[in-house]
Amino acid sequence: MHTILLHQLHEHLRSLRFQVSLVLLLLFFLANGLVYAWKTERVTQEMATIRADADQLYGRGRTVSAAVGQYYQALSYPLGTEFIAEGGSNWYDDAAYINVSSEATPYSSASLRTLNNWMPRFEIVDWTLIARLVLSFLCLVLAYDAVSGEMETGTYRLVLANPVSRGAFLVGKYLAHLVVLLAATLVGMLVSLLVLALTGTVVLDVALVRACGLFLLGVALYLSFFLFLCMGVSALARRSVSALVLLVLLWAVVIVAIPQASYLVGVRFERSSGAWWQRAEQAIEQTRGRLAREGIGPRSRELARVDQYALERQYATAMRPAEDEVLRLVDWAHGQDVRQAELAARVNLLSPGFALQYTVEAFLGTGLPRYADFLRQARRYRDQVREFCRAQDATDPDSPHVLFYPAFMSTRSLDSTLIPRFHQAPISLADSVRQSLLPVVLLALEAVAAFFFALWAIHRTDPVE
């Protein structure tokens, strides 16, 4: 096996096919570094403007009444590892509008970083995209004749004439291909990091090194699947041209066709949230209409003071079930959008490329899990601001204390810097591990299955033919 490994490495190093592949791979990683350097600069400028606008919203909360009636922006900032796995930050919503008033939509997500809704439809060249598309195709280019080429030249028969098992032949070939591809990937990663470091886009620290190491580990599993698949098909086809045609067709199915079907499955088998806001408005209007017919409704503050705001308290109590229904609808709508995307992601897991992508995203704490967690944090942030406003209103003896109705809460001066700010917490290590289990296990099982397929195929070959 050692001899086969060294011989195959030597063949790769002097092969024009490998040299061209290496240059193309380096160009992709160079493009990755340049694109993300430019993209990060633009995003940084956009986020500075968005943050300034968000700070102005807090500045308007000069009284408890104003703070209750004000919308706030909960912002999701880039992680800084998007060049490894973009993780949907280019199309997932990056902000949530929060309002603690009982008379407004509790919270809703929005996208603030781009004004051109067509641009996010184009994939950014991150490392996972390079691995998913480019590296998998390079496996085909380099390994499609790993066995059939030896058969066509007659060297396969000479190799097996020596005391070398077919399993050792397979493993030697596999290790040689894996080493050169991982080495090429590592060089490409260094090129990308060099560009990003020189432009000040990233800081080379322990966390980044760990992220790169985890990415390389996932790539090793991914390449193992394709290399064993290539060698198995090469052994069965016995002719290099036939093997290349079959492998390209298989590549198109698992890398292109399956992901294209995931969207259709998601919208077909998981209900869309639809126009949930219409049902929310209907719940509020029906309750308001019923109360109006009963003569219950908010009055001017001067008139309501006569009976100590009794009618307003009754109105607030009667409206609470409708407000709870609105909040339930908002929670359901956002949750339903996430569930629909999760179903499509499970279909994507049938593709080894997306098993790799979701593995890397889980390692980095990004992707759909981070977006879903952001919505949950935004929901909790609303409760936090509500509790702050409740506590501030309680300190004013002159306030009507009709909670979360701006017209009937404290008008005492408030230091707006005390209003709680939103800070998105990263996904915990335990959650990252839990999210990575399924794609990692699937990727490993696919690699093992491809190995046994290649081993079975190579044992079926007859070196005499």
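Is Leu264 buried or exposed? Leu264 is exposed, at a relative accessible area of 54%, where exposed stands for over 50%, buried for under 20% and partly exposed for values in between (1.4 Å probe, protein chains only). The legends below describe a predicted model, in which local features need pLDDT of at least 70 and side-chain atom pairs count only at pLDDT 80 or more, while totals for chains, interfaces and linings use all residues. Residues are numbered from 1 along each chain as its sequence is written, and side-chain values use heavy atoms, with hydrogens and water left out.

**Figure 1. Overall view of the chain.** The chain has 15 helices and three strands; these are DSSP runs numbered from the N terminus, with helices being H or I over at least four residues and strands being E over at least two. The radius of gyration is 30 Å, well over the 23 Å that the globule rule gives for 465 residues, so the chain is more spread out than a compact globule. That radius is taken over C-alpha atoms, and the globule rule is 2.2 Å times the number of residues to the power 0.38. Along the principal axes, the C-alpha atoms fill a box of roughly 105 × 45 × 35 Å. Of the 465 residues, 50% count as buried. Among contacts (heavy atoms within 4.5 Å) between residues at least 6 apart in sequence, 82% join residues at least 24 apart.

**Figure 2. Leu264 in helix α9.** Leu264 belongs to helix α9, which covers residues 240-269.

**Figure 3. Phe363 in helix α13.** Helix α13 (residues 352-364) contains Phe363. This residue counts as partly exposed, at 27% relative accessibility. Apart from neighbours within four places in sequence, Phe363 is in contact with Leu214, Ser436 and Val440. For Leu214, 149 residues away along the chain, the C-alpha separation from Phe363 is 7.1 Å.

**Figure 4. Ser416 and Phe404 in the loop between α14 and α15.** Ser416 is found in the loop that joins α14 (368-394) to α15 (429-459), and Phe404 lies in the loop between α14 and α15 as well. Ser416 is buried, with a relative accessible area of 15%. When neighbours within four places in sequence are set aside, the contacts of Ser416 are Tyr58, Gly59, Gly61 and Arg421. Phe404 counts as buried, at 5% relative accessibility. Although Phe404 is not a glycine, it has a positive phi of about 70°.

**Figure 5. Tyr309 and Leu311 at helix α12.** Tyr309 sits in the loop between α11 (301-304) and α12 (310-348), and Leu311 lies in helix α12. The phi of Tyr309 is positive, about 60°, although the residue is not a glycine. Tyr309 counts as buried, with 6% relative accessibility. Not counting residues up to four places away in sequence, Leu311 touches Gly295, Ile296, Gly297 and Arg299.

**Figure 6. Two C-alpha pairs across the chain.** Leu311 and Phe169 are 142 residues apart in sequence, and their C-alpha atoms are 87 Å apart in space. In the second pair, Val187 and Glu302 are 115 residues apart in sequence, with 74 Å from C-alpha to C-alpha. Val187 lies in helix α7 (residues 166-198) and counts as partly exposed at 40% relative accessibility.

Figure 7. The structure holds two cavities of 30 Å³ or more. A cavity is a set of points, on a 1 Å grid over the protein atoms alone, where a 1.4 Å probe fits but cannot get out. The largest cavity has a volume of about 150 Å³; grid points are joined across faces, edges and corners, and a volume is the space filled by probe spheres set on the points. The lining of this cavity comprises 17 residues, of which Ser76, Ser89, Tyr92, Asp93 and Arg370 lie nearest its centre; lining residues have an atom within 4 Å of a point. By class, the lining has five nonpolar, seven polar and five charged residues. Here Ala, Val, Leu, Ile, Met, Phe, Trp, Tyr, Cys and Pro count as nonpolar, Asp, Glu, Lys and Arg as charged, and the others, Gly among them, as polar.

Notes
On a 1 Å grid over the protein atoms alone, a cavity is a set of points where a 1.4 Å probe fits but cannot get out, and a pocket is an open set with protein on both sides within 12 Å along at least five of seven lines; lining residues have an atom within 4 Å of a point.
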